Structure formats: C-alpha cells, structure tokens
Amino acid sequence: MSEARLGWRLPRVFAHRCGGALAPENSLAGLRIAARLGLAAVEFDVMLSADGSPWLLHDETLERTTDGAGRVCDASDERLRRLDAGVRRHPAFAGERVPTLAAAAAACRQLGLHANVEIKPAAGCEELTGAVVARQVQALWAGSAPPLVSSFSEVALAAARLAAPGLPLACLYERVPADWRVRMHQFGALTLHCAAALVDDRMLAEARACGVPVLCYTVNDPLLASALFARGVAAVFTDRIDRIPDGNAAAGHVTDHSSGGNTR
Ligand code: G3P
Ligand code: MG
C-alpha cells in the first residue's frame, strides 16, 4: 500500500525540461521563464555525477547541452560546476550553469513551481541514482509538498520507493505495458506517464475508471494538446510553454490507485 499523496493539484501543463524551448534545457533560466509565463509545474531530469551528486542533466554525455565532453557519471562535481550549459542553446544564455538538484529545488520553491523530478540514471547506476535522488528530494522539499518522482527505470523507481517511502511516484513508459495496473500497484504510483504518440483509448478508459491521471510527453502542438485532453489525458509535458498555456487550470485530484481508489 502506498502512503504517498500528491499534495498539490495536478495542472494540465508541465514545462518539459524546465523551460521547454524557451531556455537551455534543465536550467534555472528555464524555471524562471516557466514561472514568468504562469506555469504551475515543470519537469526536469536528474542524473548523478562521479561524486554521486544529483545534477539536472538529460543525456549520459555532456556534449549536446554543455561545453564539456565525456560521460556525466565520470565528471566530478567540480567539473560540472564549471560547465556552460547555456551557450549551445544560444549565445544569449552563455554563462548559464548546470544546476544541482538542490539549486533547482530552491528555485522551484522560491518561484512557486511544482515539479516532476525524472530520475535519469546512467546505465548501471539505476539503483544508486533512484535512492540518492529520492533521499535528496525528500530533504530538499521538507516542509512543503514534494514533487512527483518518475523514471523510465523501474529499478530506480523501486530504489526511490525504498529510500523515501512517502514520496509520490509516477510510472513512466514510452508505450504503456498491458500490465500497467500491476506495476503501478507495485510502486504505489499515483500517475501514469507515456509518449503522446503511443497513448491508446482503451488504456485511457481503464485509467479513467481507476481514477489514474495519464500524463503525456512531449506535446508541442496546441491542437494535439486539446485533442489529448478531450480523449482523457490529464496533462501534457511541453517544450512550447508559449503556445500551450497552463491557464492555472487543474486537471483534477489524484486518486490513490494503490489503496483502493480514494479521491483526495
Ligand atoms: O518525463 C517525461 C519526459 O521528459 C520523458 O522523456 O527523454 O524528455 O526525459 P525525456
Ligand atoms: Mg524528462
């Protein structure tokens, strides 16, 4: 049984990788833009450095989003701290740093943003990443509603649950497996996240019947977002936070699927 609760109303729109397309991905600049555009929630990816510290990074390697090179899991905190995480996006963002999870948590709390922390383990580091990120999330959001924690890695999700049993978890898949209800129960997960292109109406109907919100990534077309909402999708992750406004509209309460479906 899950004791986890989502202590905030699920909005319809999450800024994907912090600020979507309007800022370097997984950056504090992105969080500031999301807040300025009135978003209620953001999603970002978290990976461990060689020192075992959580940083906001999506790829296992540094080349695409920073001026560094090599594997994130081989880079020390000192090295990550010195990297430029803005200039590859645009010279106007030069000097933007890779944020630590602690810096992102402080910014979210200061800006009033809710979060979906996606645990993004390097291959072979699933268990450690899940446990470290979950413990830090619990400590960093102490005294306020914690973020929703998700991962494509079920090993990482299991480790997160063990390390911080009260955290609200989400199952994240590209295509939702047929036994999704069993898996959600196993993790005490509250929400189900999947690729928008692979979401199917039968699963959406089953999720609706169970009171499980389905969240889809990555939706950048406002018409597609509207169509998904009409089909029963609760929320979307988008890069185009300028085109798919949140409007502070909430998708509704989350139901505890794992404990018999009590609405809260
Ligand atoms: O968590 C939803 C979405 O972010 C998953 O895809 O690759 O952008 O982390 P990705
Ligand atoms: Mg992500």
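Mentor: A residue is buried when its relative accessible area is under 20%, exposed when that area is over 50%, and partly exposed in between, with a 1.4 Å probe and protein chains only. This is a predicted model, in which local features need pLDDT of at least 70 and side-chain atom pairs count only at pLDDT 80 or more, whereas totals for chains, interfaces and linings use all residues. Residues are numbered from 1 along each chain as its sequence is written, chains are lettered from A and ligands numbered from 1 in the order in which they are written, and side-chain values use heavy atoms, with hydrogens and water left out.

Trainee: Why is His 193 called buried?

Mentor: Its relative accessibility is 0%, and the limit is under 20%, so His 193 counts as buried. His 193 belongs to strand S8, residues 191–195, where a strand is a DSSP run of E with at least two residues, a helix is a run of H or I with at least four, and both are numbered from the N terminus.

Trainee: What makes the pair of His 193 and Thr 191 a polar contact?

Mentor: The two side chains come to 2.8 Å, and a polar contact asks for N or O atoms within 3.5 Å, one able to donate a hydrogen and the other to accept it, with sequence neighbours counting only if both atoms are side-chain atoms. The value lies within the cut-off, so the pair qualifies.

Trainee: Why is the pair of Asp 45 and Lys 120 called a salt bridge?

Mentor: A salt bridge needs a side-chain nitrogen of Lys or Arg within 4 Å of a carboxyl oxygen of Asp or Glu; here the closest N and O atoms are 3.9 Å apart, so the pair meets the criterion. Asp 45 lies in strand S3 (residues 41–48) and Lys 120 in the loop between strand S5 (114–119) and helix H4 (126–140), so this bridge ties together parts that are 75 residues apart in sequence. Both Asp 45 and Lys 120 are buried.

Trainee: What makes Arg 81 and Glu 78 partly exposed?

Mentor: Arg 81 has 46% relative accessibility and Glu 78 a relative accessible area of 42%, values that fall between the limits for buried and exposed, so each is partly exposed. These two also form a salt bridge, with closest N and O atoms 2.9 Å apart; being 3 residues apart in helix H2 (residues 77–82), they are separated by about one helical turn.
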